[in-house]
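Hello,

I am handing over a structure that you have not seen before. Please open it first, and then read my notes below.

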Amino acid sequence: MDLEKIREAMKESWGDLPGFDISEVVSKPYDPELGEKLYDPKKPMANRITDIGPPYFEQFFPEVIKKNYGKWKSHEIVEPGVIKYTSETGDVVYAVRCGSPRLITTDTIREICDIADKYCDGLMRWTTRNNIEFHVETEDQLRALLDDLKGRKFPGGSYKFPVGGTGASVTNIVHTQGWVHCHTPATDASGVVKAVMDDLFEYFGSHKLPAQVRIALACCLNMCGAVHCSDIAILGVHRKPPFVEDDRITGVCEIPLAVAACPLGAIKPATVEIDGKKIKTVRVNEKRCMFCGNCYTMCPAMPLADMDGDGIAILVGGKISNRVSAPKFSKLVIPYIPNEPPRWPSTVKVIRKILETYASDANKYERLGEWAERIGWERFFEKCDIPFTDKSIDDYRLAYDTYHTTTQFKWSVHTDNL
Amino acid sequence: MADVKKHDTPQCDELKSGPWPSFVDDIEQKGLSGKQACLDLLGQLELSYTHKETHWKHGGIVGVFGYGGGVIGRYSDAPEQFPAVAHFHTIRVNQPASKFYSSAFLRKLCEMWDHRGSGMTNLHGSTGDMVLLGTTTDQLEPVFYDLTHQMSVDLGGSGSNLRTPSCCIGKARCEWSCLDTQAICYDLTQTYQDELHRPAFPYKFKFKISGCPNDCVAAIARSCCSIIGTWKDDIRIDQEAVKAYIGGELKPNAGAHSDRDWGPFDIQKEVIDLCPTGCMRMEGDELKIDNRECTRCMHCINVMPEALRPGTDTGATILVGAKAPILEGAQMSTLAIPFIRMEPPYDEFKEFVDKIWDWWMEEGKNRERFGELIQRQSLQEFIRRAELKPIPQMVKEPRSNPYVFWSEDEVEGGWKRDIKEFRKRHAA
């Protein structure tokens, strides 16, 4: 459908919603007192607007995007970070992609707005991987924008808006909150990402790899960052069973919920005596604990964070695209690396080793997981110089699906001494 | 310098150097310009770098009146040291579909957030919302009033709600999109506002919409209901452009491999031999595709975008049940509907959603994701409840065990039998 028909259809269903055209409301200066004027705690429904959803998308499209909606014909990555799209109408648009740490201040957002105002009619977008994209229509504008972006740095010397993340590169790391803002993490997020991206920076702004490499970080097994289908996944893991705060548990959580939270049935109700008083609590069968942290999610009196227990696991070989092979899960190849703030050198080193081994060995177009499957996982461990341990053997649900039930295997360092 | 207190943060400061944008520098600059919360945030992070443990407390239920989501409570466990982040709640704001913005909108958001919050954000959260990080409980209602009255934008989802739907860039800037992804995303978000704001589900539920099987929003890995564009007719071929790729005039994969010498482009090796179904061949200098055998993996189209394009008879493949590992292990979405037209008002699709939500809300356990319900009660039960027809496309291969749950009405004569009659034929 063309944009006009879509707009008509959406207006028929939702046309009375204020988000359809926010130009007027947004053009008014921000009134810092309006909130207090309109909200009355005694009459909480007074002046309340609800269920209006997001602003309608089309009003933020650059003109060239509006005009060529559904008419794009082809594209070319003219240099790392710059994609030129060509329309059936003959129009072109250059998308310039910049990395961002995702965790950004309003001052940085304003600076992005300044750039958009100067070069892009005040319009911009973000990608699913936290990159910023600016759109320009001519080569001259493109060069001016690129020069401008290159010159913007933080006082410590880092680029504010590095250009890259297209084609066979390492694009921005999708990640979670970590110690900056989460209550269940087993590692930090922003710090690890900064350390890894500093090290892999040359791969962000170039097309040297066999295919795109998607790195993701989740700071605990909840995986808000959904790292489970990434070429390289950095995952925060716990290794100590939860505490049980007997003197606090009944006040802060419901014991049946804490018991039900454990997928392995390792938590049982219990009664203990404190100061002669019988108190209902729980006990954990520690040998059964797989450190998923779900009990802590349900019960604040069962924390499991620990400076020696927590750290990072590395999983590799996942992908999302249906290209050539079906989407794949990432596989656990390193069960634990200690947390090493502020720059996590062991994690950074092993990621570079995996990336460069893949880069030198894989075929063109081959994703990391496709490469590992082609050469065999025994060869992956050998080539990447990663010790294989029993921690990489699945013993959870559907584990049997991962066992090798054939005489076909490769000789590798793992069998050379037999 | 503004009247603020900067903490000693030698470990955080090490993250100022290096080429990748430094969040530490950004936060510190913001703090020095007058935002104590930013400096306290860095101070607390420094403490976490020393202790290697988080200093945020568990939860705390806060929100705005009438909504059961969109705000997540967050409190520091070291409020004396870092009073400006003692309360540091998160607000999820529903992003416009595919995250295009105007500077006017964002500047006003920044002004509001500097006034009522810490000035810290995530652009964006993992699900797609604009995430405002750090404010106090008394500011939550005024923030909500500012968002709805002064910016015409609503909160996103959290908790056991529908989570904010998200989509790829679609036809706005991609020649491969088979769907109007923004329209679908917008319409579903508006249709299900009640489910998005008021928790009524066993657990979270996510919609994600990708325009083609490249799946740039990770719908197949991250959404309970994945809507992925596809086509039924033939891949469009421009044979002249095929020749230009073979002749080296066009760069394969749109120039994605430009910084390494991979040798001259070889269509046999790079396209035809990598086709997962082997449905392509050269006849003379013409590329032929047996489209009936094609599984629409996108590889050939990705490699030769000037020469090949998806067909024009387009719609969506619907897959269901993806999730991260907690609790029963990671799942990817399973094919439910091979092809469905996706045009407003999307009635057929919404009927499907109603059926699967009815099942999940009736049978789902507390905190059981939709994909886990399918695992627990079977794909067959899903097929029955969604009133779908079982087709071989739903499985990788048929089962290898013979333990079929026949129902009584499927068996001739039913299950009621007379043992006496049986014994007349067979002595005990």
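How far apart are the closest N and O atoms in the salt bridge that E141(B) forms with R48(A)? They are 2.8 Å apart; a salt bridge here is a side-chain nitrogen of Lys or Arg within 4 Å of a carboxyl oxygen of Asp or Glu. E141(B) sits in helix α5 (residues 140-150) of chain B, while R48(A) is in the loop between α3 (34-38) and α4 (63-67) of chain A, so the pair joins two chains. Helices are DSSP runs (H or I, at least four residues), numbered from the N terminus.

Before going further, some background. This is a predicted model, where local features need pLDDT of at least 70 and side-chain atom pairs count only at pLDDT 80 or more, while totals for chains, interfaces and linings use all residues. Residues are numbered from 1 along each chain as its sequence is written, chains are lettered from A and ligands numbered from 1 in the order in which they are written, and side-chain values use heavy atoms, with hydrogens and water left out.

Now the two chains together. The side chains of E76(A) and K251(B) also form a salt bridge, with N to O at 3.0 Å. Between chain B and chain A the count is 12 salt bridges, and over all chains it comes to 58. Chain B brings 146 residues to the contact and chain A brings 157, contact meaning heavy atoms within 4.5 Å. About 13700 Å² is buried between them, 60% of it from carbon and sulfur atoms; buried area is the accessible area (1.4 Å probe) that two parts lose on being put together, summed over both. W20(B), R173(B) and Y186(B) supply 7% of the area that chain B buries against chain A, more than any other three residues.

Chain A also has helix pairs to look at. Helix α12 (residues 345-361) of chain A packs against helix α13 (residues 368-375) of chain A at about 70°, with axes 10 Å apart; axes are lines fitted to C-alpha atoms over the stretch in contact, and angles run from 0 to 180 degrees between N-to-C directions. α12(A) and α13(A) are therefore roughly perpendicular (65 to 115 degrees). I354(A), T357(A), Y358(A) and D361(A) of α12(A) touch L368(A), W371(A), R374(A) and I375(A) of α13(A).

Helix α5 (residues 106-119) of chain A and helix α6 (residues 139-151) of chain A cross at roughly 160°, their axes coming within 11 Å. α5(A) and α6(A) are therefore roughly antiparallel (over 145 degrees).

Best wishes

Terms used:
Angles under 35 degrees count as roughly parallel, over 145 as roughly antiparallel, 65 to 115 as roughly perpendicular and the rest as oblique.
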